[in-house]
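Subject: Structure handover

Hello,

Here is the structure for your files. My notes follow below it.

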Amino acid sequence: MTSESPSLTDTDPTPAPPPGCPAHRLGPGGLHRLYGPDAEDLDDLYERLREQHGAVAPVLLHDDVPMWVVLGHAENQHLVRSPSLFTRDSRIWTPLVEGMVKPDHPLMPHIAWQPICSHAEGDEHERLRAAVTAAMVTIDHRTLRRHIGRHTQGLVNSFCERGRADLVSQFAEHLPMAVMCEILGMPEEYDDRMVQAARDALKGTETAIQSHAYVMDALSRLTTRRRARPEEDFTSHLITHPAGLSDDEVREHLRLVLFAAYEATANLLANALRMVLTEPGFRAQLSGGQMTVPEAIEQSLWDEPPFSTVLGYYAKQDTELGGQRIRKGDGLLFAPAPGNLDPRIRPDLSASMQGNRSHLAFGGGPHECPGQDIGRAIADVGVDALLIRLSDIQLDCPEEDLRWRSSIASRHLVSLPVRFEPKPQQDVNVMPGPVPVPPQRTGQPLPPPAGQPAAVESRPTAPRPVVPEPYPTAPAPAARPRGIWRRLLNWWRGE
């Protein structure tokens, strides 16, 4: 298509290909569908679309609703940074206005306009965003890291003695929820049921509505408690902000923060751990000190962003993007996954992106993710602490047996089975430490002095345990440990 291409909502007179033709599975107008059999491998489909159409390609959503998907890195940046041209308010989307998108459309929860900062514009966006941003700023990052470390220790304790685990269902899907419940001010709500409810609501299953209601009920109770008695947590600061959010606005923004942070960070953790376990060069760089865990997380954000695409942006006027003619009311998918692989900025995908944070994983412009540092911290501390505890961890299945559950929005690793030598539990309130290793014997024991009997052989005693450092609450006044442990302790404190 060229800049003179017709709008996505125009009628295409081209007849459908005959049955049996390879193109028969294409939708109206010969467009590819981002759902169904044609979308079993969306990564491959995006690359074919890039070859066929360039940086912006026409596609079809469920029920053959037309949409543009933005595949270029620069074009994605322009999309999110041009609020005068594109909005997140779906009420101007032509297919919605004309009734093509029914109320029961599978993507309606992502499409429908809501009174939240990520859908608002102008003064209303500034009012709501200011409250969310100000509440984020109040989060103490040393306290946050202690929460992450404590919950990581607890999760590893739950499986470390078995020698086997699934790092998706037993770790990556739990750690973000545990930490987010602490941040929001409802640690008592974190349990297996809350994790499963969030996963179910995000997957859009038959029970998604009930699961969503379960989570919203917890957020409603939290809002009522903090409205009556504010404390030092995110919810209280959101409620007491001068923007004056109503209870409905507070609940909706708590939902937004919880679901977005949970899904993104669960995917980020799973992706980063998979890279460590399956790519020898990646793990070697970590072990050898050429790459830090935070740098490894950034590489993962380039290669496998937590959200593949984000629904959606809508053209406020006729414009042009990536050589395509975009008409007022057209919808566009912001697409970090294919955008990060744009060959114009990454001609060699095997090349390290170390030190480069210009990926699209957290969006950009007025709606850039305000909680991205929380997601990074959960992944950084969680991955590092787990690798310290389970230094001999290995993948417990052939890499080709790993499976993903893919959708337009994300690519979620189903499971990540691992094995390791069983390890003892550790105190959740101290920094993680490796299992102590007995001192190596360097030779035969010395003979007893003359006139004394040889020592009676006795059962070997266990090596004296190494006591890990406690989580710091304030800078230590005494001399600090030297070498690698000093660097580790300083990093853990955020110094």
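Both sides of strand 2 are covered, with Val56, Pro58 and Leu60 buried on one face and Ala57, Val59 and Leu61 buried on the other. Buried here means under 20% relative accessible area, exposed over 50%, and partly exposed in between (1.4 Å probe, protein chains only). Strands are DSSP runs (E, at least two residues), numbered from the N terminus.

This is a predicted model, in which local features need pLDDT of at least 70 and side-chain atom pairs count only at pLDDT 80 or more, while totals for chains, interfaces and linings use all residues. Residues are numbered from 1 along each chain as its sequence is written, and side-chain values use heavy atoms, with hydrogens and water left out.

Strand 2 covers residues 56-61; six of the six are buried, so the strand is largely enclosed by the rest of the structure. In a regular strand, side chains alternate between the two faces of the sheet.

Strand 2 has these partners (strands pair if DSSP finds at least two bridges between them):

- Strand 1 (residues 32-33) runs parallel to strand 2 and is joined to it by two bridges. His32 stands opposite Val59.
- Strand 3 (residues 65-70) runs antiparallel to strand 2, with six bridges. Val56 stands opposite Val70. The hairpin of strand 2 and strand 3 has three residues between the strands, and Asp63 takes a positive phi near 65° there.

Elsewhere, Asp401 lies in the loop between strand 10 (394-395) and strand 11 (404-406). Asp401 counts as partly exposed because its relative accessibility is 43%.

Regards

How values were computed
Helix = DSSP H or I, 4+ residues; strand = E, 2+ residues; numbered from the N terminus.
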